[in-house]
2 protein chains.
Amino acid sequence: MRRILLTIEYDGTNYAGWQRQANALTVQEVLEDRLSRLTKARVTLHGASRTDAGVHALGQSAHFDTPSNIPADKFCYAVNTMLPADIRVCASREVPDTFHARFSTKGKRYRYLMHAAPHAGALDRLTHAHVIYPLDTARMHREAQALVGTHDFAAFAASGSVVRDTVRTIYSAEVTREGAEVRLTVEGSGFLYNMVRIIAGTLIGVGSGKLEEGAFARAIASGDRLDLGVTAPANGLTLMKVFYDPKDMEMGDAR
Amino acid sequence: MRRILLTIEYDGTNYAGWQRQANALTVQEVLEDRLSRLTKARVTLHGASRTDAGVHALGQSAHFDTPSNIPADKFCYAVNTMLPADIRVCASREVPDTFHARFSTKGKRYRYLMHAAPHAGALDRLTHAHVIYPLDTARMHREAQALVGTHDFAAFAASGSVVRDTVRTIYSAEVTREGAEVRLTVEGSGFLYNMVRIIAGTLIGVGSGKLEEGAFARAIASGDRLDLGVTAPANGLTLMKVFYDPKDMEMGDAR
């Protein structure tokens with residue numbers, strides 16, 4: 001058996017998220033189905049991130065074990081011929097069996113895109129959340145700096161989430177603008193369920209003047225979800241990259 | 001009667017282009033239908049550009065005459081509530097009846113987006129043409145400079161096009177890259193049928209090394225379509241802006 005790591009892009013619009021579900025089509029199901037047909041063996045994928053319905057990915061990572069002897073770097077070409085156009089595997093490589101797409105993760109980068117204008121965008125409607133209010137992006141960027149560092153982000157999780165350890169390290173958070181497009185890019189060791197969408201919703205609140213600056217600092221101190229803004233829509237969110245330690249991905253000489 | 005000018009965005013994926021057709025759904029038909037319902041009078045739209053099937057717009061312009069007394073700047077809000085999400089009117093204003101969205105045009109800006117990578121993009125597949133070859137964007141930008149100026153672009157029209165005057169002025173042509181995205185932006189007094197897609201296809205040829213540099217100069221001299229590359233796919237093309245003389249849009253004092 002060999003362990004193969006895939007880097008995956010998808011337009012999440014038409015899927016009920018990444019993770020396999022009993023009665024809704026997901027990205028994992030489509031990929032597992034095609035990989036199973038390709039390798040003539042049942043494939044189980046282990047994804048780095050369980051993206052929600054409507055969330056996109058330009059750099060999801062997932063691994064699977066296979067008895068197939070297809071060269072590792074050719075899996076992407078082979079499976080892409082079988083996939084719908086809204087899912088693409090952009091790279092494939094062999095990794096040691098000590099590597100795990102989810103548990104070996106060192107961090108992730110997410111992007112949240114907003115279309116700030118009186119009218120929604122037509123062409124970017126599937127990738128940008130429409131914000132009808134003018135946004136003060138300098139104020140948003142300033143607010144976002146309070147996220148950087150190691151904090152207890154208990155307030156930043158969707159209610160009902162049952163993670164015990166809510167301490168995460170945010171490496172960077174940037175808000176930039178180009179025309180009507182406002183872009184949040186955030187990198188961290190890990191993110192709680194809905195955390196980036198809650199961050200985006202809070203920044204929209206701060207940027208539009210509906211929330212006072214200092215919301216992140218207050219929420220980190222209080223642990224209270226109510227100190228933050230609404231959860232921003234799923235369509236604006238894209239998983240950009242999953243970070244690993246290159247050493248964890250190296251194949252040993254024993255091969 | 002008042003003349004109203006609309007600025008329109010659309011995702012062209014699901015339409016057979018701008019212009020009304022007997023047996024295919026077009027952007028013009030959808031807009032005319034909603035504007036007619038809104039104003040309770042038959043609306044005929046005059047668009048600046050007849051974009052092809054699959055071509056997008058962030059700045060199409062179109063005018064119509066109406067007896068309606070809806071304030072001119074409110075048409076966009078009213079009609080957007082009736083439109084599918086892939087068509088948005090981003091602005092509306094009154095213009096004098098001497099103004100014509102097509103005949104008053106002073107120029108247009110188009111954008112052509114390419115995704116240059118071994119695998120197609122999943123998230124940008126509706127707005128970017130996939131180019132499987134590596135592209136030398138410096139070479140493409142250099143080649144594009146041969147377009148700038150006033151030339152007879154007879155070679156740059158789809159075969160079967162019957163325009164008599166094929167002289168156009170190109171104001172600027174730029175090729176830039178950001179990651180896998182290669183972007184052509186071209187501004188000119190006007191464009192022949194399929195001209196931007198032929199320009200893009202030729203630049204892809206030059207950028208991938210399949211065509212020699214100097215193709216544009218040769219085609220301008222020869223008038224021969226065969227000196228140029230293939231017509232690039234429609235989905236990469238977006239009409240960005242239609243330029244008018246602000247004086248032509250001013251309402252007189254006689255109002």
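**Figure 1. Confidence in the predicted model.** For chain A, the average pLDDT is 96, and 98% of the residues score at least 70.

**Figure 2. The two chains and the axis that relates them.**

**Figure 3. The interface of chain B and chain A.** The contact is made by 25 residues from chain B and 25 residues from chain A. Of the interface residues of chain B, 100% are also interface residues in chain A, so the copies meet through the same surface. The size of an interface is often given as the accessible area lost when the parts come together. Here chain B and chain A bury about 1,800 Å² between them, and 63% of this area lies on carbon and sulfur atoms.

**Figure 4. Polar contacts and the side of chain B that touches chain A.** Across the interface of chain B and chain A there are 6 residue pairs in polar contact. On the side of chain B that touches chain A, two or more residues each come from β1 (2-10), β3 (56-66), α2 (75-80), β4 (87-95) and β5 (107-116) of chain B. The largest share of that side comes from β4(B), which gives 4 residues. By type, the residues of the side of chain B that touches chain A are 12 nonpolar, 7 polar and 6 charged.

**Figure 5. A salt bridge between the chains.** Side chains of opposite charge can pair when their charged atoms come close. The interface of chain B and chain A is crossed by 2 salt bridges. One of the salt bridges joins the side chains of Arg125(B) and Asp11(A), with 3.0 Å from N to O.

**Figure 6. A salt bridge inside chain A.** Over all chains, the count of salt bridges comes to 27. Among them is the pair of Glu32(A) and Arg20(A), whose side chains meet with 2.7 Å from N to O. This pair links distant parts of the chain, 12 residues apart. Glu32(A) is in helix α1 (residues 27-39) of chain A, whereas Arg20(A) is in the loop between β1 (2-10) and α1 of chain A.

Notes
Residues numbered from 1 in each chain as written. Chains lettered and ligands numbered in written order. Predicted model: local features only at pLDDT ≥ 70, side-chain atom pairs only at ≥ 80, totals over all residues. Heavy atoms only, no water. Contact = heavy atoms within 4.5 Å. Buried area = accessible area lost by both parts, 1.4 Å probe. Salt bridge = Lys/Arg side-chain N within 4 Å of Asp/Glu carboxyl O. Polar contact = N/O pair within 3.5 Å; in protein donor to acceptor, adjacent residues only side chain to side chain. Nonpolar A, V, L, I, M, F, W, Y, C, P; charged D, E, K, R; others polar. pLDDT = per-residue confidence, 0-100.
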